[in-house]
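Colleague: I am new to reading protein models. Could you walk me through a few features?

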Amino acid sequence: MTLDDIKNEIEVAENIIVLTHENPDGDAIGSSLATYLVLKKMGKNVHVVNSIYPRTYNFLPHSDESLRESVLDKYDLAISLDCSDIKRLDDPSESFEKAKVKINIDHHSSNTMFGDYNFVDPVSPACCQILTMILEYWNIEIDKEVAACLLNGIITDTGGFRYEGVSPDTFEYVSKFLEKGVNLSKIYKQGMQTITRSRFEIRNLAASRVEFLEDGKIAYTYLTQKDMDDLGVLRSELDGIVENGRDVEGVEVSIFLYEIENGFKASLRSNDYVNVADVCLLFNGGGHIKAAGANLPYSLEESKERIVAAVKKAL
Ligand code: 5GP
Ligand code: MN
């Protein structure tokens, strides 16, 4: 059984690095921080690395212990959380590849199984939910601090318990977190609702540019690097924009493009029947059926044309 093997590897390892995907969201931060806290409590020499740590999650316990880069040249064990593909791993020093043993824990159906041990459950709505199950299986105590991190990931990746994939287990785990004394309304507010003024302004800018295409089945908007620079917003602070388009009645797919180094990043969401992970796979991206992304190495005009054409075919 893989989980027992993973536990054995953790037990024999001394130096461990915990990693997650670039541009980390609430589930990435929650699952990596929770893993870090658990391993620290086990007495491991453990480092959690996020080259950019989003301010939104500063309220989580021990968030100040997240490092910008690796400390050791080689770790006994590397654990990747919530990351579907080694290319998306936020790991500037390539610590994952260099580690003696590599573990990959994730919930993306497009996971490429890049670890020595891969524990991937595409049915789970959040990596934090998988991690909760694993910790219970290992009989490791989930204390109040770990519970806060796990709850943050479950709340953010389920859009506040709204998305498909939320299961009886989700609420069973949340119920246990509450018994530990976790403050659900605080985490909900901090992780899901409160935004900075600059984020409010950039959301409005993106909203003001929304175009409805194909009889209103597609909502499209974009942001350039200049827009982000002008308002002082980081790429990791753009979440929520693509969801806005999806909330409009009649829209099946919401497309949001934002500028990156070599072109534009496409962020897609669907409502009912379009598999946006398949659409993104056409551009070497991936994700979930109703939430996916890809890199488009083109100008804004060409990126828009190509992604809209691919979505049209999938409608
Ligand atoms: P978001 O639109 O929030 O950035 O990403 C939505 C989902 O798609 C996430 O689960 C994310 O992991 C996945 N995703 C986004 N961009 C890419 C990409 O370039 N490649 C792959 N494989 N998955 C992506
Ligand atoms: Mn996730």
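Predicted model: local features only at pLDDT ≥ 70, side-chain atom pairs only at ≥ 80, totals over all residues.

Colleague: How are two packed helices described?

Modeller: Two packed helices are described by the angle between their axes and the distance between the axes. Take helix H4 (residues 127-137) and helix H6 (residues 168-179). Their packing angle is about 70°, and their axes lie 11 Å apart. H4 and H6 are therefore roughly perpendicular to each other.

Colleague: In which hand does H4 pass H6?

Modeller: The crossing of H4 and H6 is left-handed.

Colleague: Which residues of H4 and H6 meet?

Modeller: On the H4 side, look for Gln129, Thr132, Met133 and Glu136. They meet Asp169, Thr170, Tyr173, Lys176 and Phe177 of H6.

Colleague: At what angle do helix H5 and helix H7 pack?

Modeller: H5 (residues 144-157) packs against H7 (residues 184-193) at about 55°, with 10 Å between the axes. That angle makes H5 oblique to H7. H5 contributes Ala148, Leu151, Asn152, Ile155 and Thr156 to the contact. H7 contributes Leu184, Ile187, Tyr188, Gly191 and Met192. Here the crossing is right-handed.

Colleague: Now strands. How many bridges join strand E9 to strand E11?

Modeller: Pairing takes at least two bridges between strands. E9 (residues 263-270) and E11 (residues 291-296) have six, and they run antiparallel. Find Ser267 and look across to E11: its bridge partner there is Gly293.

Colleague: In which sense do strand E10 and E11 pair?

Modeller: E10 (residues 286-287) pairs with E11 in the antiparallel sense, over two bridges. In one of these strands' pairings, Gly287 has Ala292 of E11 as its bridge partner. Three residues lie between E10 and E11, and the two strands form a hairpin.

Colleague: Let me try a single residue. Is Thr20 buried or exposed?

Modeller: Buried means under 20% relative accessible area. Thr20 has 0% relative accessibility, so Thr20 counts as buried. You will find Thr20 in strand E1 (residues 15-20).

Colleague: Which backbone oxygen does the side chain of Thr20 reach?

Modeller: That of Leu81, at 2.8 Å.

Colleague: What else is Thr20 in contact with?

Modeller: Leave aside its neighbours within four places in sequence. Thr20 then contacts Ala28, Ser32, Asn50, Leu81, Asp82, Cys83, Arg88, Leu89 and Asp90. Notice that Leu81 turns up again in this list.

Definitions and conventions: Residues numbered from 1 in each chain as written. Chains lettered and ligands numbered in written order. Heavy atoms only, no water. Helix = DSSP H or I, 4+ residues; strand = E, 2+ residues; numbered from the N terminus. Buried < 20%, exposed > 50% of the residue type's maximum accessible area, 1.4 Å probe, protein only. Polar contact = N/O pair within 3.5 Å; in protein donor to acceptor, adjacent residues only side chain to side chain. Contact = heavy atoms within 4.5 Å. Axes fitted to C-alpha atoms, helices over the stretch in contact; angles between N-to-C directions. Parallel < 35°, antiparallel > 145°, perpendicular 65-115°, else oblique. Left-handed = near helix turned anticlockwise from the far one by under 90°.
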